[in-house]
Amino acid sequence: MENINEKGSINVQENCTPDKQLGLSAEIHHEILERNMLTTRTKQKILTDLYDIKKIEIERYQNGQRDKILSEILSSEISYQRQLTILKDHFMAPLKEREILTNDEYDTLFCNVKTISNISSELIHQLETKSFADAFSKIVPFFKHYSVYAYHYKASLQMLQNISKKNAAFAHLLEMQESRPEVQSKLSALLITPIQRIPRYCLLLEQLIENTPSSHDLHLPLIELHKTVESVALHLNSLIEDQENAQLLLEFQRSLLHGVPSIVRPGRKLIKKGVLTVVTDADKKSKKCVVLMSDILMYCKIKKNDVNLPNSLKCYGIFPLNKCKLVKNLSKGAFTINCEDESLTVYHEHASEIEDWVRAVDGRIKQYLNERRTLRKDSSSRRPAVHKRNLEQYQEVGVSPGVPRRKRLISDQEKGESATANTAIHKNNSLYSKPTKRRCIKRYFERPISGPETKQQDCLYPLRELALKDSNLLSNTNTAIETKENNKLNTVDNTNNDVFVFGSNTQSRGFTFRMKNAFNDLRISFQKFFGFHR
């Protein structure tokens, strides 16, 4: 492409578009500069005219390309709608009429196809009657229905494979319909067309923006449409990746011996899996299946030749990534993972394989630590599990075992601060009774009754004191309470002032007490049986 600089000369750039149309102006420009046979004024005028010609040619070329792209969008949408019509008329309708499939199988196989077909039909109608920007902006919000189809796409393919093997009537109908001249497509190829459609929209919009100058009225609307469609495409890709990763995790869970430990949990992803040579702290070398997940690294003993078979792996160790440190030793084709007091050295015969593992592990550790800084943190007491007892802690929650929390001893200084705070709160309350030290509960609540002096102590007064917080209420009812308590105290024996919360106030609660009660109950039972008990 040619650009005119401040001095009026044209800079010729390679790979300009279009080459044929701009070749003549570029050649004239080169001859003018080489021979220098024109005056400055004439040269400036000719160069300006050449720039105007080039600009007109570029605009003509972009308009032609833009018309081609808009025509391709409409024609590809019509072709896409034709494929959806074949899917509905030649596969969905016969299967529904003959009732070859159950309702659940039918819904799983053709999930949301009718809705997507209606969206495509409406888009064709809008493109034929309105401008491209108006038509697309009206239909783009309905592209969210593609997310439902993308979420069930893997299940649909799996259902298709299973039914084709087990259902003979379905397999016969499928073969007959796929061989028809108006179809000439596999059912699996028709099912993938909605997944490919949204990325196709993104590509066509990118080409349309490239051929639309910034001064054009469609430039800004096209950019906004491209952002919206691109976000839908990214969401679809993430859904498909999540489905694939969930399937990989389930397959790996089935490959563990007796399904131990449980590693399937929300948000966990399987990043890398492979067979490597592992060297433990005891300098024992053996082939292990090493699995890197989003938050842990696991290595397992290989029980069968195929590690994807059920019960083919036995878990030997789990390292939480937030506690791991990677030590590279690429010269020897190995790397070491240190996780607190545990260590694991891994190497492989091919250096490229070790380099891939080092990049994957190192990148995931950094990413996981960064995620923990911005998101809600997991328990910080997670530790490596390399013993059977620790591995059993993974059964319920699928996370690394942690250290049980211990109660912290309160220092003397904290005790003093706490006592000072409590005193400040209750210093104006005359009813407050501060315990002096830890002592037997029999003497803890000993306090004389307020009011008239009496020889007997009230064991229930501190409990009543806590219940009556309002001093006004206490003063109003003080006379009635004192009268009631004095009546109670007159009936109590004055020889014993001990306070007991439960049970008798004289007997011990030890082994002797329990045996004495047992023999006493046995004696009473015999007396009742023989008729001697009164």
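**Strand β9.** I opened this predicted model at strand β9, residues 342–347. I noted that Glu342, Leu344 and Val346 make up its covered face, while Ser343, Thr345 and Tyr347 lie on the uncovered one.

**Its neighbours.** Which strands pair with β9? I found that β3 (residues 270–279) joins β9 through three bridges, in the antiparallel sense; there, Val278 stands opposite Val346. Strand β8 (residues 334–339) also runs antiparallel to β9, with six bridges, and I saw Cys339 opposite Glu342. I then checked the hairpin of β8 and β9: two residues sit between the strands, and Glu340 has a positive phi near 55°.

**The whole sheet.** Next I traced the order, β6-β5-β4-β3-β9-β8-β7, an open sheet of seven strands with antiparallel pairing. β6 (313–320) and β7 (324–329) are at the edges with a single partner strand each, so one side of each has no neighbour in the sheet. From one strand to the next, the twist averages 35°. A reminder to myself: strands of a sheet pair through backbone hydrogen bonds.

**β3 and β4.** I followed β3 to β4 (residues 285–293) and found nine bridges in the antiparallel sense, with Lys272 opposite Leu292.

**Helices on the sheet.** Helix α11 (residues 351–374) packs on the sheet and touches β3, β4, β5, β7, β8 and β9, at about 125° to the direction of β3. Helix α10 (residues 219–255) lies across β3, β4, β5 and β6, at about 35° to β3.

**Helix α19.** Is Phe519 buried or exposed? I looked in helix α19 (residues 511–530): Phe519 is exposed, because its relative accessible area is 54%. Phe519 belongs to a nonpolar surface patch, whose members include Phe511 and Met515, with about 830 Å² of accessible area together.

Note on methods:
Residues are numbered from 1 along each chain as its sequence is written. This is a predicted model: local features need pLDDT of at least 70, side-chain atom pairs count only at pLDDT 80 or more; totals for chains, interfaces and linings use all residues. Side-chain values use heavy atoms; hydrogens and water are left out. Buried means under 20% relative accessible area, exposed over 50%, partly exposed in between (1.4 Å probe, protein chains only). Helices (H or I, at least four residues) and strands (E, at least two) are DSSP runs, numbered from the N terminus. Two strands pair if DSSP finds at least two bridges between them. Patches are made of residues with over 30% relative accessible area and no salt bridge: like charges are joined within 9 Å, nonpolar side chains (Val, Leu, Ile, Met, Phe, Trp, Tyr) within 5 Å. Accessible areas come from the Shrake-Rupley method with a 1.4 Å probe; for residues, only the protein chains shown count as cover. A salt bridge is a side-chain nitrogen of Lys or Arg within 4 Å of a carboxyl oxygen of Asp or Glu. Axes are lines fitted to C-alpha atoms, for helices over the stretch in contact, and angles run from 0 to 180 degrees between N-to-C directions. Contact means heavy atoms within 4.5 Å.
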